[in-house]
Amino acid sequence: MAITYDVVRQVARDLYGWSLKKVPDDTLDALAEARRRETNPTSQRTLDFMQAAARAAEREDRHACSDAGFPTYFVKIGTRLTLDGDIRRAFVDGFADLVETIQPPILKFITHPLTLERSYTGKDMPIVSFDVADGADYMDITCSPKALGSGRWADLKVFSYPKLADIEGYVMECVMEAGSQHCPPVVIGVGIGGSFDNAAKLAKMSTLRRIGTRHDDPMVADMEERLLAAVNKTGFGPMGTGGDTTALAVHVDYSHGHGFVPVAVCFNCWINRRTAARIHDGGKVVRLE
Amino acid sequence: MSDGSPPDLRRLTLPLSRDEARSLKLGDTVILDGEVTITAGFPTHQRMAEALDRGEPLPFPKAGSAFFHMGSSCRAEGDRWVTNYVNPTTSTRFDDTMPGIIRRLGLTATGGKGGMGRACVQALRDVGGVYFSMPGGASPLLSIGAVERLETAWDDLIEQFRLSRFRLEGFGPVTVAIDAHGNSMYDALQGQASARMPRILEELEQARQASAARRAKTAGDGR
């Protein structure tokens, strides 16, 4: 049996709705760990408040943040499944369903980039990115709504034959530029290499990786570890009012490319919105996060 | 007061008197009562600035009052507007217009998240006002203290962009991040991070060398 438009539409709606009201478990664990380590009394209070707010959002079915952002979906389609209906359209309609039904209502955040007019719909909205999973008989969908607070500080620079020091220095420049403003403690995604667009996607996908995991390549895993230590030495702290934890994680990924090396850096705020589900061929839905 | 905050925090009523504002120190964490005007709108700020430039009165905020950068959603219950949620937005977005708004209205309190630029800090010092940092992404708790929307103005704008006057009761905790004497926690932390950066980059270099040496050793052992 095929995966249908109706199932994808419902999953698209549900994933976006869940992501607004539940801080992921790995993120809650990381916040608790940050609180255990924190030495600054103001930051201790801020971390206590963040954890209590996250618990309240889930318990009371409320939005963690008033800025619902806009939905972005990452879809992996198994090569051994069949699809039935307009799958791209299912995401558009699922988003529209959410706007109609979610309580409390979300505000208008979809912004025309040229006129700055706001609405609930728009060109290319939601942002959906498709990939294939060789040999799989399921479709994985990850939803990660992006709001203004942390979205605004992403950056990309193209280097020629950079040294590691150049790349890491640039990451630190981005951290300094964002300073106190991206709702820290953040998850930082760094994408290196490939083409311009590929590096940006690697960075974004890296923010979706579970906190506490390390890159398979020991050289990159070391880079993640030392960059996280470096970022946390800056002292911006939770909500940027000082403290020991400015980032919960730094996740790095790379692609081979040519001599030019694009480096992209992006941030997820402390609520680190992310949900995922797997739709098996035949329509069975399993929530992954 | 919402859970997650200690019960012994100082409570202040908005609007603050200028003396109260000047008595606050960086890092003071307080709970707020009283009335505040909020908006999350960039066009709202432009409209405010243009009206003030023309010498026209604003519906609110009034002179000497409190004006925060927050978005909001409300629902009608009888003849009252009850809060669905509020949450701060990034204040630096309004850095171009806020110095004029602070000065012309003599705001004793403003707030949001992420801080404000130097010109805003100067304006707050000149008029005797403070900036409160609110936790972003903590909407369920912060919203409890924003008990009621009293009125809105400029209703041609979308809900979160309108000027909205709220009654607060046990709102917070919020942290004094810019005081009325020209001190900014954000400037201080940016300066501190800049001062630390040479050392941080040096330690990154040492860690890179240690990592490379480890990998070389592993490769050697495997040979």
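These exercises work through a helix pair and a sheet in a predicted model.

**Exercise 1. How do helices H1 and H4 of chain A cross, and which residues make the contact?**

Step 1. Locate the helices. H1(A) covers residues 5-21 and H4(A) covers residues 87-101.

Step 2. Take the geometry. The two axes come within 7 Å and cross at roughly 45°. That angle makes H1(A) oblique to H4(A). The crossing is right-handed.

Step 3. List the contact. H1(A) contributes A:Tyr5, A:Val8, A:Arg9, A:Ala12, A:Arg13, A:Tyr16 and A:Gly17. Residues from H4(A) include A:Phe91, A:Phe95, A:Asp97 and A:Leu98.

Step 4. Sort by class. The contact holds 9 nonpolar, 3 polar and 5 charged residues.

**Exercise 2. Is A:Asp97 buried or exposed, and which residues does A:Asp97 touch?**

Step 1. A:Asp97 sits in helix H4 of chain A.

Step 2. Apply the cut-off. Buried means under 20% relative accessible area. A:Asp97 has 19%, so A:Asp97 is buried.

Step 3. Find the neighbours. Leaving out residues up to four places away in sequence, A:Asp97 touches A:Arg9 and A:Arg13. Both arginines belong to the H1(A) side of the helix contact.

**Exercise 3. In what order do the strands of the open sheet lie, and how do they pair?**

Step 1. Write the order. The 5 strands run E6-E2-E7-E12-E13 in chain A, with mixed pairing. The edges are E6 and E13, each pairing on one side only. From one strand to the next, the twist averages 20°.

Step 2. Start with E2(A), residues 72-78. E2(A) runs parallel to E6(A), and 7 bridges join them. One partner pair is A:Thr72 with A:Ile127 in E6(A).

Step 3. Move to E7(A), residues 138-143. E7(A) pairs antiparallel with E12(A), residues 275-280, over 6 bridges. Here A:Asp140 is partnered by A:Arg278.

Step 4. Finish at E13(A), residues 285-287. E12(A) and E13(A) are antiparallel, joined by 3 bridges. A:Ala277 has A:Arg287 as its bridge partner in E13(A). Their hairpin has 4 residues between the strands, and A:Gly282 takes a positive phi near 110°.

How values were computed
Residues numbered from 1 in each chain as written. Chains lettered and ligands numbered in written order. Predicted model: local features only at pLDDT ≥ 70, side-chain atom pairs only at ≥ 80, totals over all residues. Heavy atoms only, no water. Axes fitted to C-alpha atoms, helices over the stretch in contact; angles between N-to-C directions. Helix = DSSP H or I, 4+ residues; strand = E, 2+ residues; numbered from the N terminus. Parallel < 35°, antiparallel > 145°, perpendicular 65-115°, else oblique. Left-handed = near helix turned anticlockwise from the far one by under 90°. Contact = heavy atoms within 4.5 Å. Nonpolar A, V, L, I, M, F, W, Y, C, P; charged D, E, K, R; others polar. Buried < 20%, exposed > 50% of the residue type's maximum accessible area, 1.4 Å probe, protein only. Pairing = 2+ DSSP bridges.
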